[in-house]
Amino acid sequence: MAHVPGHNTVNPYEYYEEFTTTTPTYDTQQAYGDLGIAPTSEFLNTEDPNTGLTYGSMIPEYDAYNEEMLRTQFRSGVQEGYQGAVGQLGGIMGQAREQSAQSGFSGSGSIQSAVEDTRSGLQNQYGSAFSNALLSLTSGVRQERLGYQDSISDLLTSFNQETPENILQEVNRSSTANIDTSGDEKLSGKQRMRITNSPEWNPPTPTEGASYTYSSATLGQHTFYARYINGEFKGWFTEAGLGSLTGG
């Protein structure tokens with residue numbers, strides 16, 4: 001049975017569109033697709049002799065409550081950080097106006113320079129806080145979904161051990177497998193997320209110029225390249241997605 005490992009390297013901007021939406025889209029069928037294995041429809045409609053319930057009704061749906069909590073914390077943190085930065089900047093500009101009025105034209109240049117330095121510092125501070133908040137959100141959501149995949153995997157393994165016949169089947173190849181990422185086609189954000197959440201995703205430690213060929217029976221074969229901007233690793237992208245902030 002496929003088991004989904006945790007993934008340590010997360011570039012939060014790869015998942016921004018998918019994970020900040022107000023309507024969670026993850027469900028059991030997507031989990032099957034990410035695992036690459038699903039129970040047969042015959043098994044799902046079979047009744048459990050002990051409970052009288054169908055096995056399909058015994059497979060829990062994905063609970064998005066924790067995802068919503070993470071999104072709420074993200075939105076609240078971003079809003080508070082923005083309001084705090086604006087408030088600090090407003091206070092500093094007020095002080096600068098007072099100092100400028102007292103010193104006259106001769107001191108206006110140094111005061112303006114100090115204001116610009118402070119403005120730049122606050123922008124960097126807010127940008128760093130936003131990135132950290134987004135990283136917490138995307139990492140948290142991914143762990144929730146990976147945890148659900150693990151629980152589904154364990155449950156299906158248990159069912160399979162209790163039945164005389166094999167109840168599992170490989171999931172059909174997805175549309176992702178039909179995308180020629182060696183040319184001009186690129187993956188959408190959701191397609192890329194499915195690949196990076198799949199058990200076959202295991203890229204090497206990134207270095208500038210490195211490449212990684214991913215291969216899956218359900219999601220196809222795609223070559224990814226380590227993208228660096230100003231010496232900082234920004235994630236693995238296909239050739240067509242190297243210049244894009246979303247998808248890949």
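A charge sits over a ring if CZ of Arg is within 6 Å of the ring centre and within 35 degrees of the ring normal. In this predicted model, Arg227 lies over the face of Phe237, at 3.8 Å from the ring centre. The points below describe a sheet and several aromatic contacts.

- Three strands form an open sheet in the order 3-4-5, and their pairing is antiparallel.
- Strand 3 (211-216) and strand 5 (232-238) are the edge strands, since each pairs on one side only.
- From one strand to the next, the twist averages 25 degrees.
- Strand 3 is joined to strand 4 (residues 220-229) by 6 bridges, and Ser211 stands opposite Tyr225 in strand 4.

- The whole structure contains 12 aromatic pairs.
- One of them is the edge-to-face pair of Tyr26 and Tyr148, with 6.5 Å centre to centre and 80 degrees between the planes.
- Tyr26 lies in the loop between helix 1 (16-19) and helix 2 (28-35), whereas Tyr148 belongs to helix 5 (residues 108-162), 122 residues apart.
- Tyr26 counts as buried because its relative accessibility is 6%, and Tyr148 counts as buried because its value is 7%.

**An aromatic cluster**
- Phe233 and Trp236 also form an edge-to-face pair, at 6.0 Å centre to centre with 70 degrees between the planes.
- Phe233 has 22% relative accessibility and therefore counts as partly exposed, whereas Trp236 is buried, with a relative accessible area of 6%.
- Phe233 and Trp236 belong to one aromatic cluster with Trp201, Tyr212, Tyr214, Phe224 and Tyr228.

Notes: Residues are numbered from 1 along each chain as its sequence is written. This is a predicted model: local features need pLDDT of at least 70, side-chain atom pairs count only at pLDDT 80 or more; totals for chains, interfaces and linings use all residues. Side-chain values use heavy atoms; hydrogens and water are left out. Two strands pair if DSSP finds at least two bridges between them. Helices (H or I, at least four residues) and strands (E, at least two) are DSSP runs, numbered from the N terminus. Axes are lines fitted to C-alpha atoms, for helices over the stretch in contact, and angles run from 0 to 180 degrees between N-to-C directions. Rings of Phe, Tyr and Trp (its six-membered ring) pair if their centres lie within 6.5 Å; planes under 30 degrees apart count as stacked, over 60 as edge-to-face and the rest as tilted. Buried means under 20% relative accessible area, exposed over 50%, partly exposed in between (1.4 Å probe, protein chains only).
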